[in-house]
Amino acid sequence: MNALDRGTCKAARMLIDWTGAQLADAAAVSQDTLRSFESGRTRTLSRENEAAIRKALEAQGVQFLESGQVASGPGVALGKAQS
């Protein structure tokens, strides 16, 4: 499993139409922790915070895919950029 990056975190949150406050609350992390991570001020999360954020998003149906995996429902994925 790849480490959660800020872009993926924000995209997942937007996919389920959650505010940062909603995700922070569901994951039981501080809003400042989430805000710092998503803005890039903090590059990584503690293992505990990352796991809590993933769990909260997955509970809402978000799937975190590794390269080459296919989702089992509707959604979006980042592919190679077109030239």
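Mentor: Buried means under 20% relative accessible area, exposed over 50%, and partly exposed in between, with a 1.4 Å probe and protein chains only. Keep in mind that this is a predicted model, where local features need pLDDT of at least 70, side-chain atom pairs count only at pLDDT 80 or more, and totals for chains, interfaces and linings use all residues. Residues are numbered from 1 along each chain as its sequence is written, and side-chain values use heavy atoms, with hydrogens and water left out.

Trainee: OK, how many residues does the largest nonpolar core have?

Mentor: It has 17, and L4, C9, L23, I53 and L57 have the most contacts inside it. At least two residues of this core come from each of α1 (6-15), α2, α3 (31-39) and α4. Helices here are DSSP runs (H or I, at least four residues), numbered from the N terminus.

Trainee: What does L23 touch?

Mentor: Leaving out residues up to four places away in sequence, L23 touches C9, R13, W18, L34, I53, A56 and L57. Contact means heavy atoms within 4.5 Å.

Trainee: And which residues of α2 are buried?

Mentor: L23, A24 and A27. Seen down the axis of α2, they fall within an arc of 100°, so they line one face of the helix. That arc is taken from the directions from the helix axis to the C-beta atoms. The buried residues of α2 pack against α1, α3 and α4.

Trainee: Is A21 buried or partly exposed?

Mentor: A21, also in α2, counts as partly exposed because its relative accessibility is 32%.

Trainee: Switching topic: at what angle do α2 and α4 pack?

Mentor: Helix α2 (residues 20-27) and helix α4 (residues 47-59) pack at about 110°, with axes 8 Å apart. That makes them roughly perpendicular, a label for angles of 65 to 115 degrees. L23, A26 and A27 of α2 meet A52, I53, A56 and L57 of α4.

Trainee: Last one, where is L65 found?

Mentor: In the segment after α4. L65 is partly exposed, at 33% relative accessible area. L65 and N2 sit 63 residues apart in sequence and 9.0 Å apart in space, C-alpha to C-alpha.

Terms used:
Axes fitted to C-alpha atoms, helices over the stretch in contact; angles between N-to-C directions. Parallel < 35°, antiparallel > 145°, perpendicular 65-115°, else oblique. Core = buried A, V, L, I, M, F, W, Y, C linked by side-chain atoms within 4.5 Å.
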